[in-house]
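Please look over the sequence and the structure before reading on.

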Amino acid sequence: MSRAPVWRAVIACALVITAFILAFTMSPRLGLDLRGGTQLVFETRDSPTAKADSDATDRALDVLRRRADALGVVDPTLVRSGERRIIVELPGVLDPRQAAEVIGKTAQLAFHPVTGQADAGDAQAVADESGQRLSLGAAAITGDGVTDAVARTDPQQGPGWFVTVDFRDPAAWQRLTGALACEQVGDPKRRLAIVLDKEIISSPQVDASVPCQAGMQGGSTQITGSFTPEEAQNLAVLIKGGSLPVPMELIEQRTVGPTLGSQAIEASAKAGVAGVLLTAAFIVAVYRLVGLLAAVALAVYGLLSYAALLALGATLTLPGLAGFVLAIGMAVDANVLVFERAREEYGRSPRRGLGAALDRGFRNAWSAIADSNITTLLAAGLLFWLASGPVRGFGVTLAIGVLASLISAMLITRVLTHLLIGRMGARASGLGSEGRVRAWVNRRDVRLMARGRLWLAVAAALVAVAVAGPAVHGLNFGVEFTGGRIVEFAATEPVTAETARRAVAEAGHPTATVQITGQNAGQSSGDLVTVRAGQISADDVAGIERALDGELGEVTKQRDELIGPSMGEELRRNAVIALGVALAAQMVYLAVRFRWTFGTAAVLALVVDTAAVVGVFAWLGKPIDGVFLAAMLTVIGYSINDKVVVFDRVRELWSARRRAPFADVVNDAILQTVPRTLNTGLGALFILAALAVFGGDSLRDFAIALLIGIVAGTASSSFVAGPLAIELERRSKQPPPEPPEPRVRRTREGPGAVV
């Protein structure tokens, strides 16, 4: 007896036990879109005295990290992205004005002697706290000379707040104050100007008790003024953090309220549970007892995926949850491929038994499963490489889900079915019959490829209608691709679009786009007011919120995203590159794995699928954003799976029937894979329907794009890729594939005894 089943069982048990331990001993790391907070993306810029290279960005990162720590933010995340970018995540910080002003302020701090009052025409003069213009000498101490700064209050000195500053070189402070003390009391030249980013934040006069040339000893001083507690704390953070080595520009900002995050988690959990239950019920109904075992393996898939996310320390985002749920479809696809092949094998040789049929089913389905999963991993890798923000989380989660689905189908399902297959009857197992779909197809002599050119003409007409959508209506690019700001407010009272637009216009933004969404927009409470504008500031957003409060009653800001123009252009460029590279990568892989004719036919069919989704979104006016990009690359991955399965069967049949007309081979391959296509497609549709119903507005468009793409991709495999392959093979001089060499079973020589 082979030891392979025993080793598979041992490995399966070890994986499940490890996953259980990880799931119950570690907590997931939630993204800001799930727990609430602010994400800032800064880009360093060259200055006249410094170049914004990787070293300067690293030094800037250290400064930002000290500021975030001094702010008291719990578990801040700061990482460098590329050579010039820094991503800052601040959980719980919901005021982007505070975050951007304190974290990203240039903070060029310096202590200057005052040389006198400035003339009216002096362009170099700087206004003090009262507006009086002063002439300043060269900086005596810079921000690098500060070792610590703390905001304090002392009841004995009064109710106000002040900032205590400690200097690295006490002698420098003593020399500066000693020189100023030589001036007459009341003379402006006795004053010291503390300048932050070319603005005087404090200009105290050296106390009369300080003797000339002796100066203030101890290397410490106090900055006083009419500070609020927040102002004093922010000033201390800036001074203590030090000066940034190069200027920085805020190019992206996302703020999500904790309420929206908790709602997203609840909605995604409902979608996941509903999707798993519906898919499990479907697979049990179709494949009976082996379907029930596959449903158990699906539950193990969920456990393995979750444990892998925990082990890798991956950040779970809202699109990532969608990828987690969507990968269930990949796990279903692998099981369906195996079971359909097992049904075929049992139908050919029922005397060999269910166990032998199942073994051959796993072995024969492996090629299609491996190819289809590799193509999906290519799409997931492109998402991680070219996307940004939460969409990257989708790529990571999808990749983990694909690998977990392989383990679920090829290991867990195999172990469970081998344990029980000998105790099942052929009919109860679900493998003893060919299935209703296959029986229906076999009763009819369907000749799909006899009208191949008609199908191609219909596909061309549909593509023309789809392309007309962007030509007539244009594409509704989201702020991720155009740059700008989008803010979402939750209203407690019924909202009408006219009232909301009037409030936004009165706040000084008449050109902003205002939309109302909700269960029954304008008729029930809980409506959402979405404001989309250009490069408006955080103060402008606060003004819009006040205006909406006045017109609509109390509103709560739930989401705030800012994309700079350079970032929007880059994301738009990367989106086009991602789609192009995805199509090219799939074609190259299929050309190497199969034939160039198959690869070209599959990619041209993918172009039809892509055009269909883009065209529908253009006609409906739905947004084209980062989530749409994730959906498109997922559609490409899913659609290529279907074509891989068809062409894998074409290659198998053609190698066995090398003299048969190629059109007949393609026709038979398509008909033989119809049960897998329908069962996998229905399983995915259950999951996407759950996402569309429970996933909320942000995931609804994602689910709609995938629904369109899966329907188009399934149809194009038969009616576009198949006929195209036939047309291309007529022009190809490459011979049909050779049949695989028979496997030779090696026999053991000798008694096998160990001596």
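A residue counts as buried when its relative accessible area is under 20%, as exposed when over 50%, and as partly exposed in between, with a 1.4 Å probe and protein chains only. Helices (H or I, at least four residues) and strands (E, at least two) are DSSP runs, numbered from the N terminus.

The model is predicted: local features need pLDDT of at least 70 and side-chain atom pairs count only at pLDDT 80 or more, while totals for chains, interfaces and linings use all residues. Residues are numbered from 1 along each chain as its sequence is written, and side-chain values use heavy atoms, with hydrogens and water left out.

The protein chain contains 22 helices and 21 strands. It has 755 residues, and 51% of them count as buried.

| Partner of S2 | Residues | Direction | Bridges |
|---|---|---|---|
| S4 | 85–91 | antiparallel | 7 bridges |
| S14 | 248–256 | antiparallel | 8 bridges |

Which residue in S4 is the bridge partner of phenylalanine 42? That partner is isoleucine 86. In S14, valine 256 stands opposite glycine 37.

Terms used: Two strands pair if DSSP finds at least two bridges between them.
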